[in-house]
Amino acid sequence: MIILKSKREIEYIREAGRITANALQLMKKLAKPGVTTGELDQRCEEYIRSCGAFPSCKGYYGYPATICASVNEEVVHGIPGRRKLKDGDIISVDLVVNKNGYHGDSTVTIPIGHVDPAVLQLLKVTEECLYKGIEQAVAGNHLGDIGHAVQSYAESFGYGVVRDYVGHGIGTDMHEEPEVPNYGVAGHGELLEPGMVLAIEPMINMGTEKVRQLKNGWTVVTCDKKPAAHFEHTVAITENGPEILTLPE
């Protein structure tokens, strides 16, 4: 069942989303060569708790950390730890914050030092895919319009659009209905209505769309070991168009 949010609930989600966005800005500043993914995770959790909020992912089905820290060919759900970032890496930091029982979810992929121009283009296009999807998050459109916008743009560059992991509704639960695929047919799928709040999150691979999960039961990597990028915002569908709820102060 899709739960439509009131204007008051959307403001609660925005409050959580603002903390999420501010924390990701901190990650952008701290993510440098020589820094470990575990250090990023610790600093992020400290910041979130200083805001009177909680990391939604920590403990979720046993997940051990605050952020998902996915490096290079890791698509999603990379577990932070002792790995040191190095020049030329990229890292996707996926973060969900719980404030007053409502969740805000956002992701950025951060270049570390001097990154190959072809990989920087992947990041640029993936972020553009996010905004092309958001443009379609309009009352009266369909879920397929969002997915089609993302898919058609990414594939025009020859990139692979991940099928196995998708966006989702969000509110008092981190993952709510509906699923929000990054592929689809325009005009098909669930009708979009004011009050829907969606986590739109293109996951785009430089090569194949195919992915696999590692033995740790969490981390997902590209099957061809080529880089992946991931950008995400929490978006409210309103009578006046889409409204991004995960923006920094």
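Buried means under 20% relative accessible area, exposed means over 50%, and partly exposed lies in between (1.4 Å probe, protein chains only). The structure is a predicted model, in which local features need pLDDT of at least 70 and side-chain atom pairs count only at pLDDT 80 or more, while totals for chains, interfaces and linings use all residues. Residues are numbered from 1 along each chain as its sequence is written, and side-chain values use heavy atoms, with hydrogens and water left out.

Start with the aromatic rings. Rings of Phe, Tyr and Trp (its six-membered ring) pair if their centres lie within 6.5 Å; planes under 30 degrees apart are stacked, over 60 edge-to-face, and the rest tilted. Tyr61 is exposed, because its relative accessibility is 70%. Tyr60 has 29%, so it is partly exposed.

Phe157 and Tyr159 pair in another way. Their ring centres are 6.1 Å apart and their planes lie at 15°, so the pair is stacked. Phe157 is partly exposed at 35% relative accessibility, whereas Tyr159 is buried at 8%. Together with Tyr153, these two residues make up one aromatic cluster.

Tyr153 also has a charge over its ring. That label requires NZ of Lys or CZ of Arg within 6 Å of the ring centre and within 35 degrees of the ring normal. Here the charged end belongs to Lys132, 4.7 Å from the centre of the Tyr153 ring. Arg163 does likewise over the face of Tyr183, at 5.0 Å from the ring centre.

Now the pockets. On a 1 Å grid over the protein atoms alone, a pocket is an open set of points with protein on both sides within 12 Å along at least five of seven lines; lining residues have an atom within 4 Å of a point. Grid points are joined across faces, edges and corners, and a volume is the space filled by probe spheres set on the points. The largest pocket holds about 440 Å³. The lining of the largest pocket has twelve nonpolar, three polar and four charged residues.

The second largest pocket has a volume of about 240 Å³. It is lined by 13 residues, with Lys7, Ile10, Ile237, Thr238 and Glu239 closest to its centre. Helix H1 (7-30) and strand E14 (233-238) are the elements that give two or more residues to this lining. Helices (H or I, at least four residues) and strands (E, at least two) are DSSP runs, numbered from the N terminus. H1 gives the largest share, four residues. By class, the lining of the second largest pocket has three nonpolar, four polar and six charged residues.

Finally, look at Val71, in strand E2 (residues 68-71). At 1% relative accessibility, Val71 is buried. Contact means heavy atoms within 4.5 Å. Beyond its neighbours within four places in sequence, Val71 is in contact with Thr37, Arg83, Leu85, Asp89, Ile90 and Ile91. Pro227 is 156 residues from Val71 in sequence, but 8.3 Å away in space, C-alpha to C-alpha.

Notes
1 Å grid on protein atoms, 1.4 Å probe; cavity = no way out; pocket = protein on both sides within 12 Å on 5 of 7 lines; lining within 4 Å. Nonpolar A, V, L, I, M, F, W, Y, C, P; charged D, E, K, R; others polar.
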